[in-house]
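These are my notebook entries from a first look through one structure.

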Amino acid sequence: MSRVPEFVSLHNRSTSLIIDCRGQSPALLYYGSKLHDDESAAMIALLSTRQEAKCSPAAEPPLSLTPTYGEGFTGAPGIELSGSSDQWAAGFTLTTIDRSADKLVLHCEDITRSLELIHTITLDEYAQLATFTTSVVNKHDEAVQLNWLASATLPLADDMTKLRAFEGRWSSEFQTQDHDIFMGSYVRENRRGKTSHDTFPGFVTYAAHTAEQHGSCYGFHLGSSANHRSRVELMADGRAYAQAGELLLPGEVVLGKNQSYTSPTLYVGFSDEGFSHLSRQFHHYVRANVLNHTPDSKPRPIHYNTWEGIYFDHKPETLMELASNVAPLGVERFVLDDGWFKGRRSDKAGLGDWQVDKDVYPNGLQPLIDHVLSQGMEFGIWFEPEMVNPDSDLYRAHPEWALAVDSQPQVPFRNQYVLDLTNPEVVEYLFSQIDDVMKTYPDITYIKWDMNRDVNHPGNLAGRPAMHQQTRALYTLIDRVKQAHPQLEIESCCSGGGRIDLGILQHTDRFWTSDSNDALDRLSIQRGFSFFFPPEVMGAHVGPRDCHITGRRISIEMRAAVAMFGHMGMEMDPRELTPHERQVLSDAFAIYKQHRTLIHSGDLFRFDDDGLNINFGVVAQNKSQALFAYNSVKETVRTTPGKYRFTGLAKEKSYRLTRIWPTEIKEYSPSVLSKIEGEVFTGEVLTKIGVQLPVLFPQTSLVFKLEEA
């Protein structure tokens, strides 16, 4: 066996990652801006040497990638095991390393307990983003129970004193909350059986005074659609670390001989240029490695979703009327939402019976599909495969197919239960039902895949907690559907944004970001979403005049401006639109089509939050053009608002400045906007000085376009 080196490293054009292999088990020594000296690792290790402290261990238990009870670690262990002997006390020794230009695989063993631990670390070729996964293999004749395995445990630099978390609720996802990192543990746990609306598996650590365009920060996101746990701890000895992994229920993972478990992937981005730069690292990674963007990628079509237009009131002639109404506006995809299948006249019945309701559609869906296609639009459809209503043929035939806990009543939740995807019969049934619909109607090119309840009783037929296997079975089912029907794109919806993560995105094509279409709500939701995900996977619809969730009435101009910077669509009854509103929507859709390549490939620059406005820009990677949005939420506290600085432009270039939205604005008096229309300014002046904003009513949006002159 070859000798393990003291240090191993990965580098890309801007980033270095160094693993310290000198101890028993490997640890992250450095992850940050690129180091150019070959001796940097040894220098960092020497400069980081800690001495024995009073009333403390002479040699501190290591803060390794997977710290253990066996090593004497007094923080949160990276692995928790139990078995017939002392597997709880496992401690692993690094034995071999496999490496390539962008990947390290670190093999560790506990020979005494016949266990193997494997760390896989990658560093993206371009983005400042690394991934971490950990696997455990049981090589013992006796089974071992795995209670916890963190994807990684990573030390935090001592200047990382702040934490930004993402929380919320249904219709108010991705709300940011900032905290001081304190002595003790900040822990977020999710047991909802989905990613959740309230406990997003991601956080940002940052140095004091870090802002959108400056400062050091690290972003952590666990790509898992199951239960999960995140922890940031500052220990009494002064060391701090971040840790994340799948939250396993008792007895959920039991490993027989030669069986293994692999953690979800932990994605860790780095920036020394502020939060926006950190987000761009995630966006670049997702585009290159998850979405596989190419210049020939299909543009994201404008959606019309029927849900808030008709809910369950399905009539073929009404739906055809809606299609005829929205197509002239510029809509490119018509999505038939909930209510098309057998017995589905409300949310109280029908889930599981995925056959077209002949009482509502006596001639099937083909006449509607033909009409939609004749209007120049694609056709999509809604499914909620993981769920079943007690009032359904499926449940009456197979009540044992629902996840449940013996002797405990189901928690009522939207009149539905969760199907057991760990049961192969259930998965086979669901695939055949979806497959039959797709074969019957091959012109369907889109599925909105929904999930509308928590998994409160995740017990399968064997009486075991099922969420780990349930999630993997879901991924496999989605992949199987897409392989059988390559034309399909699939949207991940979960009562809005309850299942948004890089685990499910590996198998789907976009997210439904939130059930709230309220433009003011959406500004903060979409801002939080943008920390980790690019705009092209962010479903963003222009909702009804009076929002069905908040009751708030916001102008059609602002609703359109907010939706324009995602994957744009509309969701309302279009027959209620006034001629003015129809014209505004048509204009907005035309602007989106003209600029969606820029919006879905450019670099995002968020502005710092001033409590009054939510502003941002999207700049082409070659700096040749840009769109900037000014969204006034609250009225300025001064007589006139401040200046708008176009962050992200090339200072040496010159740009022609144009306001492209809205077409008309209501001003108290003539402003500078009329004087600067079409004028040319240097990027340096636009960035440093900016433009004086006009006095406008609150809840007004402006969109500026800049093109290299």
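**Entry 1: what kind of model**
I note at the outset that this is a predicted model.

I began with an open sheet of three strands, whose order is 1-2-3 and whose pairing is antiparallel. Strand 1 (7–11) and strand 3 are the edges, and since each has a single partner strand, one side of each is left without a neighbour in the sheet. From one strand to the next I found a twist that averages 15°. I then looked at how strand 2 (residues 15–20) meets strand 3, and found six bridges in the antiparallel sense, with Thr15 standing opposite Ser33 of strand 3. As background I wrote down that the side chains of a regular strand alternate between the two faces of the sheet. Helix 1 lies across strand 1, strand 2 and strand 3, and its direction makes an angle of about 115° with strand 3.

**Entry 2: the largest pocket**
Which element gives the largest share of the lining of the largest pocket? I found that it is strand 3, with seven residues, and I noted that strand 3 is also an edge of the sheet in the previous entry. The largest pocket holds about 1400 Å³ of space, and 43 residues line it, with Leu29, Ser48, Arg50, Pro155 and Arg239 nearest its centre. At least two lining residues come from each of strand 3 (27–33), helix 1 (40–47), strand 9 (144–156), strand 14 (217–223) and strand 19 (265–271). Sorted by class, the lining of the largest pocket has 24 nonpolar, 11 polar and eight charged residues.

**Entry 3: the second largest pocket**
By class I recorded six nonpolar, 12 polar and seven charged residues in the lining of the second largest pocket.

**Entry 4: strand 10 and its partners**
I followed strand 10 (residues 162–169) to strand 11 (residues 172–180), with which it pairs in the antiparallel sense over seven bridges; within this pairing, Glu167 has Gln175 of strand 11 as its bridge partner. The hairpin that these strands form has two residues between the strands, and there Ser171 takes a positive phi near 70°. Strand 10 also pairs with strand 13 (residues 199–206), again in the antiparallel sense, over five bridges, and I found Lys162 opposite Tyr206 in strand 13.

**Entry 5: Lys194**
Is Lys194 buried or exposed? Its relative accessibility is 2%, and because buried means under 20%, Lys194 counts as buried. Leaving aside residues up to four places away in sequence, I listed what Lys194 touches: Ser225, Ala226, Asn227, Met451, Arg453, Asp454, Cys494 and Gly498.

Notes: Residues are numbered from 1 along each chain as its sequence is written. This is a predicted model: local features need pLDDT of at least 70, side-chain atom pairs count only at pLDDT 80 or more; totals for chains, interfaces and linings use all residues. Side-chain values use heavy atoms; hydrogens and water are left out. Two strands pair if DSSP finds at least two bridges between them. Helices (H or I, at least four residues) and strands (E, at least two) are DSSP runs, numbered from the N terminus. Buried means under 20% relative accessible area, exposed over 50%, partly exposed in between (1.4 Å probe, protein chains only). Contact means heavy atoms within 4.5 Å. On a 1 Å grid over the protein atoms alone, a cavity is a set of points where a 1.4 Å probe fits but cannot get out, and a pocket is an open set with protein on both sides within 12 Å along at least five of seven lines; lining residues have an atom within 4 Å of a point. Grid points are joined across faces, edges and corners, and a volume is the space filled by probe spheres set on the points. Ala, Val, Leu, Ile, Met, Phe, Trp, Tyr, Cys and Pro count as nonpolar, Asp, Glu, Lys and Arg as charged, and the others, Gly among them, as polar. Axes are lines fitted to C-alpha atoms, for helices over the stretch in contact, and angles run from 0 to 180 degrees between N-to-C directions.
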